[in-house]
Amino acid sequence: MKRNRHLIPSVWSRTLPEVGLVTLLAAAIVIWSANVALGEDMSALFALSSPGRSTFTTDNQEVLLGLNQEGGSGLSSYSQYLFGYFNMRVKMIPGNSAGTVTTFYFTSFGDAHDELDFEFLGNVTGQPIILQTNIYASGKGDREQRIFLWFDPTLDFHNYTILWNPQQVVFYVDGVPIRVYPNVEAATGVPYLKSQLMYAMGTIWDGDSWATEGGRVKIDWDNAPFIASYRDYFADACTDNDASTTCAMAKWWSQPQLQALDDSLIGQLDWVKKNYMVYDYCNDYARFNGTPPECAYTRPTSILYNTNSSLSSSAPSPTSSPFSVNPSSPGPSPVLSMSSRTLKYAQPIILLSTSLIILHISMQAGF
């Protein structure tokens, strides 16, 4: 479901007398009323597999995916995407989830497929769940990174976000960047995800041969069924009807300020790596007999952020040292920390609040 993210700038590009306080306030109320509706109808966006183990809640706002000894379950979007901004709120399996794997990912399928993965590796009660991300481009994967999360993902829903444009892929957790995969294909020959439509997917399945402590800890089926919850899916993307680079470049999530991480977000990314990363394929020298070439870059080679946060055409040098500032706690990106509901309500709230403030000032001034 697409929403007008440019409502406020378009309104304020006109003068206040031209718009009119009453008109502005009325518009805000209408927009607010239209948006204070129930959350996304997940049944209109996704098909479910294994009906006995997966279900929509009665209001269709949430998907429950289950795993038992008979098997797992999943969800798959009706739409396919090529570039976009995506967010899913997920609550992980409570209690002892050792041996289970819960996912939110995008894939094009096939031997030469592209894929972007959030994979949550279960653990015994009281031990942290590991978040593994992975990237496949033209069928080549083996790009795993693993982190501990700075919260318990079983207690509440959290935002898992992917920004994917022609310049970079960024994984976010609650607005904090945890991974960036820049487009460095021109400089390294490493394929970038730029031509294959992908479905949005979610699954829960038996991974006890490897998921928890390398497979040492197995699933305790006495705790089945294992249930993970998904809700508030948001996608602003180029779809199967309009997927092209031209489409992407017209979108807000592909504008210059989102074509590379700025220094502040690089700092947050480094904070995650320093404090929470437990595995990075880039540092697995024995596995790859060296360092994969894309690991030298944190920004696309086609553009570069300078200190004024503007873009130039010169290519950056590969990252040679960690970012010097490590925030004690990462502040969320103002654009990318928003949940589906926040994205739905933020503009009406701001517009309504601003209208009321201006109305009050105008009345005080005798307008």
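Cys295 is partly exposed, with a relative accessible area of 22%. Partly exposed lies between buried, under 20% relative accessible area, and exposed, over 50%, using a 1.4 Å probe and protein chains only.

A word on the source. This is a predicted model: local features need pLDDT of at least 70, side-chain atom pairs count only at pLDDT 80 or more, and totals for chains, interfaces and linings use all residues. Residues are numbered from 1 along each chain as its sequence is written, and side-chain values use heavy atoms, with hydrogens and water left out.

Back to Cys295. What does Cys295 form with Cys282? The two form a disulfide, with their sulfur atoms 2.0 Å apart. The rule here is a pair of cysteine sulfur atoms within 2.5 Å. In general, such a link is a covalent bond between the sulfur atoms of two cysteines. The torsion about the S-S bond of Cys282 and Cys295 is about -80 degrees, so this disulfide is left-handed. Cys282 sits in the loop between β14 (277–280) and α7 (285–288), and Cys295 in the loop between α7 and β15 (304–305), so the pair ties together parts 13 residues apart in sequence. The element names come from DSSP runs, numbered from the N terminus: helices are H or I with at least four residues, strands are E with at least two. Cys282 is buried, at a relative accessible area of 10%.

How many disulfides does the rule give? The count is two. The other joins Cys238 to Cys247, S to S 2.1 Å. Its torsion is -105 degrees about the S-S bond, and the link of Cys238 and Cys247 is left-handed. Cys238 and Cys247 are both buried. Counting bonded cysteines along the chain, the pattern is 1-2, 3-4.

Next, strand β6, residues 115–121. Why is β6 called largely enclosed? Seven of its seven residues are buried, so β6 is largely enclosed by the rest of the structure. Look at the two faces. On one side, Glu115, Asp117, Glu119 and Leu121 are buried. On the other, Leu116, Phe118 and Phe120 are buried too.

Now the neighbours. Strands pair if DSSP finds at least two bridges between them. β6 pairs with β5 (residues 100–107) in the antiparallel sense, over seven bridges. There, Thr107 has Glu115 of β6 as its bridge partner. β6 also pairs with β7 (residues 130–136), antiparallel, over seven bridges. Leu116 stands opposite Ile135 in β7.

A cavity is a set of points on a 1 Å grid over the protein atoms alone, where a 1.4 Å probe fits but cannot get out; lining residues have an atom within 4 Å of a point. Points are joined across faces, edges and corners, and volume is the space filled by probe spheres set on them. There are two cavities of 30 Å³ or more.

β5 gives the largest share, three residues. The lining divides into five nonpolar, four polar and no charged. Nonpolar covers Ala, Val, Leu, Ile, Met, Phe, Trp, Tyr, Cys and Pro; charged covers Asp, Glu, Lys and Arg; the others, Gly among them, are polar.

The second largest cavity holds about 30 Å³. Leu131, Thr133, Gln145, Arg146, Ile147 and Ile178 line it. Which strand gives the most to this lining? That is β8, with three residues.

Terms used: On a 1 Å grid over the protein atoms alone, a cavity is a set of points where a 1.4 Å probe fits but cannot get out, and a pocket is an open set with protein on both sides within 12 Å along at least five of seven lines; lining residues have an atom within 4 Å of a point.
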